[in-house]
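Subject: The structure you asked about

Hello,

Here is the structure for you to open alongside this message. Below it I have written up what I found, so that you can follow along on screen.

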Amino acid sequence: MGAARCSRLVLLPLLLLLAPWGLHVSGEPRSARRRWPVPYRRFDFRPKTDPYCQARYTFCPTGSAIPLMKEEDVIEVYRLQAPVWEFKYGDLLGHLKIMHDAVGFKSSLTGKNYTMEWYELFQLGNCTFPHLRPGMDAPFWCNQGAACFYEGIDDAHWKANGTLVLVTTISGTMFNEMAQWVKYDNETGIYYETWTVQASPDKKSTVWFDSYECSKFILRTYQKLADLGAVFKKIQTNYTSIILFSGEPIYLGNETSIFGPQGNKTLAAAIRDFYNPFKPHQSVREFFVDLFRIIDRVILNHQFYLFYNLEYWFLPMKSPYLKIIYEEVPLPVGSKASSGI
């Protein structure tokens, strides 16, 4: 079952190639009555995962607790970036600039190296599209993400087709404070959000929804270190975003209001029908039949149903529909009152 689920990911680059051939929809979004982008929802605790959700590759197999560093320790911080699934496919997804980000640490007192990253518990396809299970009205999501900390930095993995570069140096005290923040961030930011959704490719256009994935965790970590006093080197840092383009989103409701006993059966059927072509595929013919259904729905009829914060939204899609960008996000600057090493 795990291998079949990987076919979901193939749909992303194919849609990217086909999107420019879609019909153009002009016009700017209506004035927003909501707060945009919709704030990412945090939770009081992390729920247990459902046994139905299975990962092809075990999440954080060598994970360990974040160690307590001595206050006088001097710790080097490294930017780590490599193509998604580089360990299996090499630089294949790197050509599309679909990159995974992490951060590395090296203790001067012990000489030990550590890696910290945030990613999907059950792979990207399961976080992006739900399962339509027999006997269940609502789509079933396996979309949790979490932080993973482990000893060692795989130099070959990060250097072969990506990046391993020193970005700052911090004290043991700053590291320990960061570790406390990571615990809070990980326990309250639970669900992986693949898509950034915005009104147009213009950099000043309205962002409707922000993604919540590996690069955003690294950016939050860098910002926390800057707030604690870290001074970052002046180097260029780029990150991947997968963007959908739409007019102003329309709020539809949550699982109960749509799929519950008093729910909207017509809307429920439409959402299930939309997600059906994104299911894992067992044959090449089935894959291409569903690909044409996706093109018809998303590009020709400008429709997309987004699941965000455990709620459903309708996106009136418009050209260029979908785009993968790899743009610079500068390293942060802390407050003037802070001081680094």
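**A histidine to start with**

H302 is buried, with a relative accessible area of 19%; the cut-off for that word is under 20%. You will find H302 in the loop between α10 (284–300) and β10 (303–308). A polar atom of the H302 side chain lies 3.3 Å from the backbone oxygen of I299.

Leaving aside neighbours within four places in sequence, F307 is in contact with W141, N143, E193, Y275 and Y312. Of these, E193 is 114 residues away from F307 along the chain, yet the two C-alpha atoms are separated by 8.6 Å.

**The chain as a whole**

Please keep in mind that this is a predicted model. The mean pLDDT of the chain is 89, and 88% of the residues reach 70 or more. Two stretches call for care: over residues 1–7 the pLDDT is below 50, and this stretch has 16 contacts in the model beyond near neighbours in sequence. Residues 17–32 also have a pLDDT below 50, with 26 contacts in the model beyond near neighbours in sequence.

The chain holds ten helices and eleven strands. It has 341 residues, of which 52% count as buried. Among contacts with a separation of 6 or more, 79% are between residues 24 or more positions apart.

**The five-stranded sheet**

In what order do the strands of the open sheet of five run? The order is β4-β3-β2-β1-β5, and the pairing is antiparallel. The edges are taken by β4 (145–151) and β5 (163–171); each has a single partner strand, so one side of each is left without a neighbour in the sheet. On average, neighbouring strands here are turned by 25° against each other, direction ignored.

Two of the pairings are worth a look. Strand β1 (residues 74–83) pairs with strand β2 (residues 99–107) in the antiparallel sense over nine bridges. β3 and β4 are also antiparallel, with seven bridges between them; here W118 has A147 in β4 as its bridge partner. Although β4 is an edge strand, six of its seven residues are buried.

**R79, an arginine inside**

Is R79 buried or exposed? This residue of strand β1 is buried, with a relative accessible area of 4%. Across the pairing, R79 stands opposite V103 in β2. G104 is 25 residues from R79 in sequence, and their C-alpha atoms are 6.5 Å apart in space.

Beyond neighbours within four places in sequence, the contacts of R79 include D101, A102, T163, L164, V165, V167 and Y222. Y239 is also in contact with R79, and the two side chains make a polar contact at 3.4 Å.

With 17 residues, α6 reaches 25 Å from its first C-alpha to its last, close to the 24 Å expected at 1.5 Å a residue. Its buried residues include M174, F175, M178, W181 and V182, and also the polar N176, D185 and N186. What do the buried residues of α6 pack against? Their partners are β1, β2, β3, β4, β5 and α7.

Helix α7 (residues 214–228) lies across β1, β2, β3, β4 and β5 as well, running at about 35° to β2. It has 15 residues and spans 21 Å from first C-alpha to last, close to the expected 21 Å. α7 is mostly covered, with eleven of its 15 residues buried; among them are F217, I218, R220, Y222 and L225. Y222 links back to the arginine above, as it is one of the residues in contact with R79. Just after α7, G229 takes a positive phi of about 120°.

Best wishes

Definitions and conventions. Residues are numbered from 1 along each chain as its sequence is written. This is a predicted model: local features need pLDDT of at least 70, side-chain atom pairs count only at pLDDT 80 or more; totals for chains, interfaces and linings use all residues. Side-chain values use heavy atoms; hydrogens and water are left out. Two strands pair if DSSP finds at least two bridges between them. Helices (H or I, at least four residues) and strands (E, at least two) are DSSP runs, numbered from the N terminus. Axes are lines fitted to C-alpha atoms, for helices over the stretch in contact, and angles run from 0 to 180 degrees between N-to-C directions. Contact means heavy atoms within 4.5 Å. The expected span of a helix is 1.5 Å times one less than its number of residues. Buried means under 20% relative accessible area, exposed over 50%, partly exposed in between (1.4 Å probe, protein chains only). A polar contact is a pair of N or O atoms within 3.5 Å; within protein, one must be able to donate a hydrogen and the other to accept it, and residues adjacent in sequence count only if both atoms are side-chain atoms. pLDDT is the predictor's confidence in each residue, from 0 to 100.
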